Amino acid sequence: MLLRVRVTLPDRPGTLGQVARTLGISGADIVQVVVLERLGGRAVDDFTVVWPGAARVERLLVGLAAIPGVQVDGVWRAIGTPTATGQDAELLAQVAGNPADGLATLVDAAPGLLAADWAVAAVVPLDWASRIGGDPTVARASWRAPTLPRLPEVTPLRARALTAADGTHYAIAPFGRAGLVLVAARDDSAPLTPAAFHCTEVDRLAQLVRASAVILGDRLDLVTAPPVVAGG
């Protein structure tokens, strides 16, 4: 299976090589490394690896924990194989090429881009500021989203990451019109424990959402939540 492994490590020569060797010895085949942050002598790196399905992830965690100064921030299942740069531009081109399905295209692509489990476009009541906990409703959902996804409190409408009490991690990015918000989620599923969304991931999502909002324009004003069908 494809895994995403996030580690915080000392930003000094040799440490990255130690991590890579440990991953290889543990049985992981590295397919991509992304540096999320380098600050104050520390770095945060995401490794996407192919992991043998029958192997225990605990073996990988023990090996990484033995490297001085290395901290494992999360290990979780990744969606799709990483591709070369240009994914974001390609996605926006698809949105522009078929604006009628542009919102659905963005929602379906978000989990793969962010190594998330699912994503939804939610509609927040326009008078949310004067309401007590105005609940958002789902307008579009990715194919792996739960039938009734539990959404976090998305207001006030600004891009950010948050973690729910059940361990689910969310990244939130508003479209800036029609009360629409894109929510991506990583579910906490033992024995894998995903990392929270990094600020660079939230920024990436926010940029995609803002660009899509410009492309789709007034079409977003027509987006509404599906009607609730009463049981008969």
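This is a predicted model: local features need pLDDT of at least 70, side-chain atom pairs count only at pLDDT 80 or more; totals for chains, interfaces and linings use all residues.
Four strands make up an open sheet in the order E2-E3-E1-E4, and their pairing is antiparallel. Strand E2 (29–39) and strand E4 (71–77) form the edges, each pairing on one side only. On average, neighbouring strands of this sheet are turned by 15° against each other, direction ignored. Strand E1 (residues 2–10) is joined to E4 by 6 bridges, and the two strands run antiparallel. Strand E3 (residues 42–50) is linked to E1 by 9 bridges, again in an antiparallel arrangement. Val-7 illustrates both pairings: its bridge partner in E4 is Val-72, while its bridge partner in E3 is Asp-45. Val-5, in turn, stands opposite Val-75 in E4. Of the 9 residues of E1, 9 are buried, so this strand is largely enclosed by the rest of the structure.

A second open sheet holds 5 strands, ordered E6-E5-E9-E8-E7 and paired in the antiparallel sense. Strand E6 (137–141) and strand E7 (160–163) stand at its edges with a single partner strand each, so one side of each has no neighbour in the sheet. Helix H5 lies across E7, E8 and E9 and runs at about 35° to E8. Within the sheet, E8 and E9 pair in the antiparallel sense over 6 bridges; Ala-171 has Ala-184 as its bridge partner in E9.

As a general background, nonpolar side chains in soluble globular proteins tend to be buried together. The largest nonpolar core in the model has 30 residues, of which Leu-103, Phe-175, Leu-180 and Leu-182 touch the most other members. Two or more residues come from each of helix H3 (87–97), helix H4 (102–114), E5, E8, strand E9 (180–186) and helix H5 (199–216). The most is given by H5, with 7 residues. Another core, of 18 residues, lies apart from this one and includes Val-5, Val-19, Val-49 and Leu-64.

The surroundings of Leu-182 make a handy example of contacts in the largest core. Leaving out residues up to four places away in sequence, Leu-182 touches, among others, Leu-106, Val-107 and Ala-110, as well as Ala-119, Val-120 and Ala-121. Its contacts also include Ala-171, Ile-172, Ala-173 and Phe-175, together with Leu-205 and Val-209.

Aromatic rings complete the picture. A search of the whole structure finds 1 aromatic pair. The pair is formed by Trp-118 and Tyr-170 in an edge-to-face arrangement, with 6.4 Å centre to centre and 80° between the planes. Trp-118 belongs to strand E5 (residues 118–123) and Tyr-170 to strand E8 (residues 169–174), so the pair ties together parts that are 52 residues apart in sequence. Both Trp-118 and Tyr-170 are buried. Charged groups also sit over rings: the charged end of Arg-144 is placed over the ring of Trp-143, 5.9 Å from its centre, and Arg-186 lies over the face of Phe-197, at 4.0 Å from the ring centre.

Methods
Residues are numbered from 1 along each chain as its sequence is written. Side-chain values use heavy atoms; hydrogens and water are left out. Rings of Phe, Tyr and Trp (its six-membered ring) pair if their centres lie within 6.5 Å; planes under 30 degrees apart count as stacked, over 60 as edge-to-face and the rest as tilted. Buried means under 20% relative accessible area, exposed over 50%, partly exposed in between (1.4 Å probe, protein chains only). A charge sits over a ring if NZ of Lys or CZ of Arg is within 6 Å of the ring centre and within 35 degrees of the ring normal. A nonpolar core is a set of buried Ala, Val, Leu, Ile, Met, Phe, Trp, Tyr and Cys residues joined through side-chain atoms within 4.5 Å. Contact means heavy atoms within 4.5 Å. Two strands pair if DSSP finds at least two bridges between them. Axes are lines fitted to C-alpha atoms, for helices over the stretch in contact, and angles run from 0 to 180 degrees between N-to-C directions.
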